[in-house]
Amino acid sequence: MATHAFKALHLYTTPFSGCSARIRIASHLKSIPLTHHLISISQSQNSSADYLAINPNSSLPSLVVEPSSSSPVQAKFTITQSAAILDFLENHFPDPPLLPPSSEWKKRARVLELTSLVACDIQPPQDSRIRRKEFGGNGEKWARYVYQRGFGVYEEFLKKGERGRYSVGDEVTMADVFLVPAVQGGLRVGMELERWPRMRDVVEACWELEAFKKGG
């Protein structure tokens with residue numbers, strides 16, 4: 001869909017957020033013009049009344065879609081989960097595609113499998129909100145355990161799949177958009193990628209691309 005369908009796309013984002021980085025990376029891959037609004041979690045700006053009016057969950061990222069004057073729907077619309085935001089971007093800005101077509105059902109299933117592994121089994125358990133409230137002073141130790149287990153599973157999926165430059169084949173997919181921010185989070189708590197050579201190679205290939213350098 002042409003960009004004139006939207007007057008503006010407002011991304012509420014924060015540094016060191018893997019979920020936010022997914023959107024930033026995808027927007028650079030697709031050359032999508034976003035208006036960025038930086039929210040400081042350390043200053044509790046995500047818990048302010050103004051931000052809670054945008055996202056009652058106080059989480060990041062959030063995307064506020066501002067329709068163009070020619071759109072039949074004039075009200076702003078907010079999307080608050082990274083997977084839902086990426087689905088919106090993939091549908092309205094399809095080039096380059098980050099999901100294989102339905103005709104390539106095996107590749108598509110593997111991409112969605114890997115994104116779900118990161119989104120469901122790696123990112124939520126090590127989230128700072130969980131660490132801070134449930135695991136006290138052992139937060140980083142817990143995060144390392146979660147990353148170690150999750151990265152090990154990711155490596156096994158890569159071994160089972162056809163060898164390519166990226167997670168699934170030789171084109172960047174949604175799986176890579178999810179993986180790289182998770183790896184960056186793991187590095188911040190002392191993880192070393194040498195234990196997972198296939199995953200390391202994929203991440204290093206992604207880091208050669210400007211979209212991952214700018215968006216991560």
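This is a predicted model: local features need pLDDT of at least 70, side-chain atom pairs count only at pLDDT 80 or more; totals for chains, interfaces and linings use all residues.
**Group meeting: a mixed sheet and its helices**

Let's start with the sheet. Four strands make it up, in the order β2-β1-β3-β4, and the sheet is open with mixed pairing. At the edges stand β2 and β4, residues 77–79. Each has a single partner strand, so one side of each lacks a neighbour in the sheet.

Now the pairings. Strands of a sheet pair through backbone hydrogen bonds, parallel or antiparallel. Here we have both senses around β1.

Take β1, residues 6–13, with β2, residues 35–38. They run parallel, and four bridges join them. For a landmark, look at Thr13: its bridge partner in β2 is Leu38. How does the chain get from β1 to β2? It passes through helix α1, residues 18–29. That β-α-β crossover is right-handed.

Next, β1 with β3, residues 62–67. This pairing is antiparallel, over six bridges. The landmark here is Leu9, bridged to Val65 in β3. Helix α3, residues 82–92, packs on the sheet. α3 touches β1, β3 and β4. Its direction makes about 40 degrees with that of β3.

On to a helix pair. Find α7, residues 174–188, and α8, residues 197–207. Their axes are 10 Å apart, and the packing angle is about 105 degrees. That makes α7 roughly perpendicular to α8. Which residues of α7 and α8 make the contact? From α7 come Asp176, Leu179, Val180, Val183, Gln184 and Leu187. From α8 come Met199, Val202, Val203, Cys206 and Trp207. By class, the α7–α8 contact has nine nonpolar residues, one polar and one charged.

Last topic: aromatics. A pair of rings is described by two things, the distance of the centres and the angle of the planes. With centres within 6.5 Å as the cut-off, the model has six aromatic pairs. One of them is Trp142 with Tyr145. The ring centres are 5.5 Å apart. The planes stand at 35 degrees, so this pair is tilted. Why tilted, rather than stacked or edge-to-face? Stacked needs under 30 degrees and edge-to-face needs over 60, so 35 degrees falls with the rest.

How values were computed: Residues are numbered from 1 along each chain as its sequence is written. Side-chain values use heavy atoms; hydrogens and water are left out. Axes are lines fitted to C-alpha atoms, for helices over the stretch in contact, and angles run from 0 to 180 degrees between N-to-C directions. Helices (H or I, at least four residues) and strands (E, at least two) are DSSP runs, numbered from the N terminus. Angles under 35 degrees count as roughly parallel, over 145 as roughly antiparallel, 65 to 115 as roughly perpendicular and the rest as oblique. Contact means heavy atoms within 4.5 Å. Ala, Val, Leu, Ile, Met, Phe, Trp, Tyr, Cys and Pro count as nonpolar, Asp, Glu, Lys and Arg as charged, and the others, Gly among them, as polar. Two strands pair if DSSP finds at least two bridges between them. A crossover is right-handed if, with the strands pointing away from the viewer, the path from the first strand over the helix to the second runs clockwise.
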